Amino acid sequence: MKKEFLQFDEIRDNAIKLAHRIYNDGFFPDVIYVSLRGGAYLGNIISEYFKVVHDTAPSCKAGRPVYYAAVVARSYTDVAKSDQVKVDGWTYSPDYLRVGDKVLLIDDIFDSGKTINHLAQIILDKGIPRNDLKIAVHDYKYFYDKKEQLPIHPDYWCRKHDISINDDTYWIHYMSHELMGLTEIELENNYYSRDPNLKEAMHIITDGNDDLRN
């Protein structure tokens with residue numbers, strides 16, 4: 001497995017540029033949903049951007065700030081292991097969405113696409129047209145030779161990876177929030193080398209990954 005360690009400040013900077021691109025396209029969301037937990041860091045920054053520009057945006061609705069909400073959904077149970085999508089709950093129910101609302105759905109990565117498609121369909125079923133629902137991710141894996149593509153793909157992304165279904169597995173480790181599946185060498189190279197004091201705090205993670213170090 002090829003693994004990339006993506007620094008948190010790179011995600012932050014990319015998120016600012018992504019928010020600016022969405023803004024320049026004239027899409028100003030009324031509701032921003034982040035898919036927890038992966039979408040939270042990206043979503044926090046994009047939400048902050050739109051909160052700051054709210055008063056100057058010509059397309060924003062007077063007196064109504066951007067509503068920032070979260071949804072807990074799961075399709076991955078472990079590194080590179082997928083499962084069925086399960087939605088545990090929304091902090092702002094899609095039942096409250098109104099016709100005319102513009103919705104931005106954010107996640108860290110579009111890989112299998114099952115989670116995003118499941119959540120997007122729930123929003124669409126509430127009467128929000130596809131043009132008023134935008135999908136934003138940091139990483140967009142597009143399997144160009146996949147015979148059957150899911151109907152909903154991202155509208156915005158920071159990085160797109162055109163991948164064959166026959167390519168070796170490529171795993172992106174988001175250092176903004178991920179700690180699972182780390183080997184001793186990966187911890188040394190990407191964490192302890194930056195801050196040796198992390199070794200004491202993270203020894204439980206090291207102890208729990210004996211099988212991955214072999």
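## An aromatic cluster

Y23, F28, Y49 and F50 form one aromatic cluster. Rings of Phe, Tyr and Trp (its six-membered ring) count as a pair if their centres lie within 6.5 Å; planes under 30 degrees apart are called stacked, over 60 edge-to-face, and the rest tilted. The structure is a predicted model, in which local features need pLDDT of at least 70 and side-chain atom pairs count only at pLDDT 80 or more, while totals for chains, interfaces and linings use all residues. Residues are numbered from 1 along each chain as its sequence is written, and side-chain values use heavy atoms, with hydrogens and water left out.

In the whole structure, nine aromatic pairs are found. F28 and F50 make an edge-to-face pair, with 5.1 Å from centre to centre and 90° between the planes. This pair links distant parts of the chain, since F28 is in the loop between helix 1 and strand 2 and F50 is in helix 2, 22 residues apart. F28 counts as buried because its relative accessibility is 4%, and buried means under 20% relative accessible area, exposed over 50%, and partly exposed in between (1.4 Å probe, protein chains only). F50 is also buried, with a relative accessible area of 0%.

The rings of F110 and Y140 are edge-to-face as well, because their centres are 5.5 Å apart and their planes stand at 90°. F110 lies in strand 5 and Y140 in strand 6, so this pair ties together parts that are 30 residues apart in sequence. Both F110 and Y140 are buried.

## The chain as a whole

The protein chain contains seven helices and eight strands. Helices (H or I, at least four residues) and strands (E, at least two) are DSSP runs, numbered from the N terminus. Of its 214 residues, 44% count as buried. The accessible surface comes to about 11,600 Å², and 50% of it belongs to carbon and sulfur atoms; such areas come from the Shrake-Rupley method with a 1.4 Å probe, and for residues only the protein chains shown count as cover.

A contact means heavy atoms within 4.5 Å. Among contacts between residues at least 6 apart in sequence, 66% join residues at least 24 apart.

## The nonpolar cores

In soluble globular proteins, nonpolar side chains tend to be buried together. A nonpolar core is a set of buried Ala, Val, Leu, Ile, Met, Phe, Trp, Tyr and Cys residues joined through side-chain atoms within 4.5 Å. The largest core here has 28 residues, and those with the most contacts inside it are I22, I32, I46, F50, L104, I106 and A136. At least two residues of this core come from each of helix 1 (8-24), strand 2 (31-36), helix 2 (40-53), strand 5 (103-110), strand 6 (133-143), strand 7 (156-163) and strand 8. Helix 2 gives the largest share, six residues.

Not counting residues up to four places away in sequence, F50 touches A19, I22, Y23, F27, F28, P29, I32 and V66.

## Salt bridges

A salt bridge is a side-chain nitrogen of Lys or Arg within 4 Å of a carboxyl oxygen of Asp or Glu. The structure holds 12 salt bridges. K51 and E48 form one of them, with their closest N and O atoms 3.1 Å apart. Both residues lie in helix 2, three residues apart, about one turn of the helix. K51 is exposed, with a relative accessible area of 54%, whereas E48 is partly exposed at 40%.

K102 and D132 form another salt bridge, whose closest N and O atoms are 3.1 Å apart. This pair links distant parts of the chain: K102 is in the loop between strand 4 (81-90) and strand 5, and D132 is in the loop between helix 3 (114-124) and strand 6, 30 residues apart. K102 is partly exposed at 28% relative accessibility, while D132 is buried at 14%.

## A buried charge and a cis bond

E178 lies in the loop between strand 8 (170-174) and helix 4 (184-192). E178 is buried yet has no salt bridge, and R37, the nearest side chain of opposite charge, is 4.7 Å away. For charge, Lys and Arg count as positive and Asp and Glu as negative, while His and the chain ends are not counted. Leaving aside neighbours within four places in sequence, E178 is in contact with R37, W171, I172, H173 and Y191.

R37 is found in the loop between strand 2 and helix 2. A cis peptide bond, with omega about 10°, joins L36 and R37.
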